[in-house]
Amino acid sequence: MNRDLTLNEVYRASHVLKSIIRPTNLQVAPAIHPGCEVYIKPENLQVTGSFKVRGASYMISQLTDEEKQHGVIACSAGNHAQGVALAAGAQGIKSTICLPAGAPISKVEATRSYGAEICLVPGVYDDAYQRALQIRDEKNMTFVHPFDNPLVIAGQGTIGLEILNELPDVDAIIVPVGGGGLISGVAYAVKQLNPRVKIYGVQAAGAPSMVNSVQGGAIQRLSSVSTIADGIAVKEPGVHTFELCNQWVDDLITVSEDEICAAILLLLEKHKLIAEGAGAVSVAAAMFSKLPIEGRKTVCLVSGGNVDVTIFNRIINRGLQKSGRLCTLSIEIVDRPGQLVAVSKLIADLGANVTGVLHERTNAFIDVNACVLRVSMETRNQEHIDTICQALEAHGFPVHSQD
């Protein structure tokens with residue numbers, strides 16, 4: 001079942017998926033980038049909480065009767081696993097998903113709940129991937145690749161058709177990038193119909209496999225990846241996706257962990273949407289002016305919402321810090337009565353809320369008669385923090401550091 005990617009294939013996928021996927025209409029998002037008309041494509045609201053169900057469903061729908069009898073197998077610790085399990089179950093096809101033994105229990109059980117047989121493999125993702133290929137060969141099953149398959153890419157490309165149908169005069173689309181299946185499908189479909197639209201890809205700075213590959217002119221494999229955006233933490237892009245990105249994507253950039261956290265926070269607060277790290281990188285790129293979208297109608301594709309709730313609190317705190325909503329200052333004071341009161345009053349008068357104070361006398365970098373206060377506080381934004389620091393300095397309380 002080897003077919004080339006064509007626009008007709010994407011349209012065929014769109015027709016097949018109408019009865020499977022959930023509509024994810026564009027949402028206006030003015031808070032993301034003032035001065036730019038920004039929209040969100042909320043694939044985090046999709047069935048299984050991710051766009052992945054599109055490509056998996058379409059590829060599985062195109063199997064021959066004999067292939068369907070043998071079943072499908074995939075390797076994933078996240079969204080792709082759930083997409084394959086749901087798609088196979090909906091079509092009455094047996095599915096097996098290989099996962100690393102250390103995968104989060106919540107993801108394992110979510111995949112199992114869609115009817116898949118789970119195969120936990122000792123080791124890491126690469127070990128699970130090799131085991132999946134072994135089972136494929138032993139049982140003559142069809143391997144559903146998470147991104148490097150033309151039919152999977154065609155399924156993801158249906159998002160591009162939907163954006164153009166809903167916003168024909170769109171100027172730019174910002175897309176998360178891991179292995180490249182999503183952006184390949186969106187870029188290919190959109191550029192065939194309207195070459196004027198700019199397609200931008202975003203990776204986490206801790207997993208820039210496609211960025212490095214495109215900039216280097218050849219596929220490159222990262223030795224390791226490290227990011228909260230686990231859904232796009234891919235060490236090596238695909239052969240098909242690398243070629244498609246080279247041909248159809250206008251630019252690829254990265255965003256930091258703090259920028260990702262700030263984007264997750266903004267989506268939660270301003271739009272009541274829960275996005276995982278991978279899903280929020282497109283919003284982070286727009287928020288922090290990483291791309292030339294000023295004055296353009298721009299769509300940020302939020303690709304998924306399956307955030308790990310066990311680390312959500314840490315993500316929100318980092319987002320608050322990046323946005324200037326939480327701050328810890330190290331302030332030098334003379335070690336005598338009344339100094340703490342004076343500092344607290346100054347901060348309170350400027351409208352910040354102190355949430356914690358640590359008094360340190362053992363700092364080697366200050367005068368022997370001085371000490372350091374580490375004051376944690378809730379603030380409005382970075383400008384508010386700067387005002388507080390300036391006021392402290394003006395009143396004789398040097399600020400040594402800001403976290």
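Predicted model: local features only at pLDDT ≥ 70, side-chain atom pairs only at ≥ 80, totals over all residues.
View 1. Once its neighbours within four places in sequence are set aside, threonine 227 is in contact with Ala204, Ala207, Ala233, Glu257 and Ile260. Threonine 227 is placed in the loop between α9 (209-216) and α10 (239-248), and because its relative accessibility is 17%, under the 20% limit, this residue counts as buried. Two polar contacts of its side chain can be followed in this view: one joins it to the side chain of glutamate 257 at 2.8 Å, and the other reaches the backbone nitrogen of alanine 229 at 2.9 Å. Threonine 6 stands 221 residues away from threonine 227 along the chain, and the C-alpha atoms of the two are separated by 34 Å.

**View 2. Lysine 191 and its contacts.** Lysine 191 belongs to helix α8 (residues 181-193) and counts as buried, because its relative accessibility of 10% falls under 20%. A polar atom of the lysine 191 side chain lies 2.8 Å from the backbone oxygen of valine 197.

**View 3. The crossing of helices α7 and α8.** The axes of α7 (residues 150-166) and α8 come within 7 Å and cross at roughly 50°, an angle that lies between the limits of 35 and 65 degrees, and the two helices are therefore oblique to each other. The crossing in which α7 passes α8 is right-handed. On the α7 side the contact is made by Ile153, Gln156, Gly157, Ile159, Gly160, Leu161 and Leu164, while α8 contributes Gly181, Leu182, Ser184, Gly185, Val186, Ala189, Val190 and Leu193.

**View 4. The largest nonpolar core and the surroundings of isoleucine 32.** This core has 42 residues, and those with the most contacts inside it are Ile32, Ile174, Val255, Leu267, Val283 and Ile293. Two or more residues are given to this core by each of the strands β2 (38-42), β7 (172-176), β8 (198-204), β9 (251-255) and β10 (298-302), and likewise by each of the helices α11 (257-271), α12 (277-287) and α13 (312-322). Apart from this core lies another, of 35 residues, which includes Val10, Leu17, Val47 and Leu99. Isoleucine 32, with its neighbours within four places in sequence left aside, is in contact with Val38, Ile40, Leu266, His271, Val283, Ala286 and Met287.

Technical notes:
Residues numbered from 1 in each chain as written. Heavy atoms only, no water. Core = buried A, V, L, I, M, F, W, Y, C linked by side-chain atoms within 4.5 Å. Buried < 20%, exposed > 50% of the residue type's maximum accessible area, 1.4 Å probe, protein only. Helix = DSSP H or I, 4+ residues; strand = E, 2+ residues; numbered from the N terminus. Contact = heavy atoms within 4.5 Å. Polar contact = N/O pair within 3.5 Å; in protein donor to acceptor, adjacent residues only side chain to side chain. Axes fitted to C-alpha atoms, helices over the stretch in contact; angles between N-to-C directions. Parallel < 35°, antiparallel > 145°, perpendicular 65-115°, else oblique. Left-handed = near helix turned anticlockwise from the far one by under 90°.
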